[in-house]
Amino acid sequence: MALSESVQNSSVLGKPTLCVITGASRGLGRSLSVELSGRLGEGSRLVLTARSLSGLEQTQALVVNKTTSVSVKLVCGDLEDSDKYQDFFRELFSDVTPGVFQHALLIHNASTLGDVSKRVVEHCDAEVLQKYYTVNVTSVITLTARFLQVFPSSDMTRTVVNITSSAGFTPIKTNSLYCSGKAARDIVFKVLAEESPEVRVLSFSPGAMDTEMFDYYRTHVGDPEVRALLCQQAEDGKLLKPDFSAQKLVQILVENSYKSGAILDVLDRFEH
Amino acid sequence: MAAADMKVATFCVVTGASKGLGQAVAINLAETVGDGSLIVITARGEDGLNETKKKIESVAPHVTVKIVAGDIAGPYSDELHKRICDVPSPGSFKHAMIIHNAGSLGDVSKLTSELSDPKVITDYYQLNVSSVLCLNSQFFSATESIVRRTVVNITSLCALQPFKSWGLYCGGKAARDMIFKVLAQEQPAVRVLSYAPGPLQTEMVEEAAKKTADPDIRAFFVGLSKNRTALDPDVSTKKMVKLLQDNKFESGSHIDFYD
């Protein structure tokens, strides 16, 4: 649904925005980058990060093809490497002249499934587990903290988005890592919303999408019942296009009427 | 579901058993289980564990108590987990239980927006989430031949509701609750309970009263202390034991003392 230019310009996205998107090299992250590039106001900057430089470059090419009013900065980095966070995060927010941006938007999209072949009783490697929670929980908390430090509240709007999943409240066999990581993120974002009422906080569940992540999930998940369900979803054409989910999230951000800390679904199937 | 006969020879592990709720759980379970039972109590504090053992021996002399002191999340935890879960003659036990009680509050003096040190968060998840998975895994392999098994996850209202300046604690508890829900689905023969004991008169609550950054939350805990309205860990534990004995709970569910 296209918004009239005046509504778009008056929306929080229509202001000059610094927008950071993690996991922007493919899938939903790529779709979000492209969709947002068409909605952010003149003078905005998209900072795209992921592990894959070539993936980021492809996303950048799509953005540049769509609009010239938004600049793009690419930062390659691995959220598993917490020792490098200081430098990594500094790079994301470098060259930010105070007063230039009126809105700062951070989208925590990067995420991993973990080993979906293992049942709870088979998770026994502390190092593997530590890496999992580092990527999916620690990085999100520390990046948010840095983001809020770089952009203090006084003169601008700040929005933080947690890309989550119904897996955050629905237990799924052999998915204990993914489910628990999302459950942790979801409540941490609720805590953040309560502590910092001046920050716009949103958790968004994009639904099962036709992406590499879903494909990996479907082909590697250990539980046969879950695998059958996922294969059926794919065969029945029930997978959403990441562009569709991206558009829905952007629409929610533009309308800006969500309750801070809420967990919303792409198809409005739930609201927590 | 039929009531659970807990008066049988049981292999039981209780973590964080040197004080507070863990100590109360170890003592109450010792009184509940049958002859030939072995209770393994673990924590970092050896003095506290010795005290727990003495208390158990004075009320439940029919139970053997084994102390394993160490850090379940430390660098040598693999070896520690094996020692904790070492089951002598598994054929002699009718029931195996593990109570995942050990945990920490985390730095409640900081708001989520101030948690900029990744090591603090990673260490927190290591103790409160990852090490629980690892120890649980070891418990399951060690007790494979024991037909009846029960797993208790000590949780909190914080797993369900956000508490300002308690982001680490809320996140850790929410992650644990979910892990144990998945466990319950994957292991239908195992009884899995997430038990929220309520605010207890323990060192953890004292710490909450002193260090919580958010004034509303801090006032609540200070009030508990002042008005002596915090629960006696023994009272809360007895409710937990009753839930296990009645055996009516849906496996994987979160039940609070106040439910």
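Helices, meaning runs of at least four residues that DSSP marks H or I, and strands, meaning runs of at least two residues that it marks E, are both numbered from the N terminus.

Before I go on, a word on what we are looking at. This is a predicted model, in which local features need a pLDDT of at least 70 and side-chain atom pairs count only at pLDDT 80 or more, while totals for chains, interfaces and linings use all residues. Residues are numbered from 1 along each chain as its sequence is written, chains are lettered from A and ligands numbered from 1 in the order in which they are written, and side-chain values use heavy atoms, with hydrogens and water left out.

Since pLDDT is the predictor's confidence in each residue, on a scale from 0 to 100, let me give you the figures for chain B, where the mean is 96 and 100% of the residues reach 70 or more. For the model, the scores are ipTM 0.97 and pTM 0.97.

Let me take the two chains in turn, beginning with chain A. Chain A contains 9 helices and 7 strands. Its radius of gyration is 18 Å, close to the 19 Å that the globule rule gives for 272 residues, so chain A is as compact as a globular protein of that length; the radius is taken over C-alpha atoms, and the rule is 2.2 Å times the number of residues to the power 0.38. Along the principal axes, the C-alpha atoms of chain A fill a box of roughly 50 × 40 × 40 Å.

How much of chain A is buried? Of its 272 residues, 56% are buried, where buried means under 20% relative accessible area, exposed means over 50%, and partly exposed lies in between, with a 1.4 Å probe and protein chains only. As for contacts, which mean heavy atoms within 4.5 Å, residues 24 or more positions apart account for 77% of those in chain A that have a separation of 6 or more.

Turning to chain B, we find 8 helices and 7 strands. The radius of gyration of chain B is 18 Å, close to the 18 Å that the globule rule gives for 259 residues, so chain B is as compact as a globular protein of that length. The box filled by its C-alpha atoms, taken along the principal axes, is roughly 50 × 40 × 35 Å. In chain B, 60% of the 259 residues count as buried, and residues 24 or more positions apart supply 79% of the contacts with a separation of 6 or more.

B:Val192 belongs to strand β6 (residues 191-196) of chain B, and at 0% relative accessibility it counts as buried. Leaving out residues up to four places away in sequence, B:Val192 touches several others, among them B:Val151, B:Phe180, B:Leu183 and B:Phe249. The C-alpha atoms of B:Val192 and B:Gly16, which are 176 residues apart along the chain, are separated by 19 Å.

Over in chain A, the loop between β6 (200-205) and α7 (212-220) holds A:Thr211, which counts as buried at 15% relative accessibility. Apart from neighbours within four places in sequence, A:Thr211 is in contact with A:Gly27, A:Leu28 and A:Pro242.

I will finish with A:Cys124, in the loop between β4 (103-108) and α5 (126-150) of chain A. A:Cys124 is partly exposed, with a relative accessible area of 44%. Which residues does A:Cys124 touch, not counting those up to four places away in sequence? They are B:Asp78, B:Cys134 and B:Ser137. Within its own chain, A:Cys124 is 17 residues from A:Ile141 in sequence and 25 Å from it in space, C-alpha to C-alpha.
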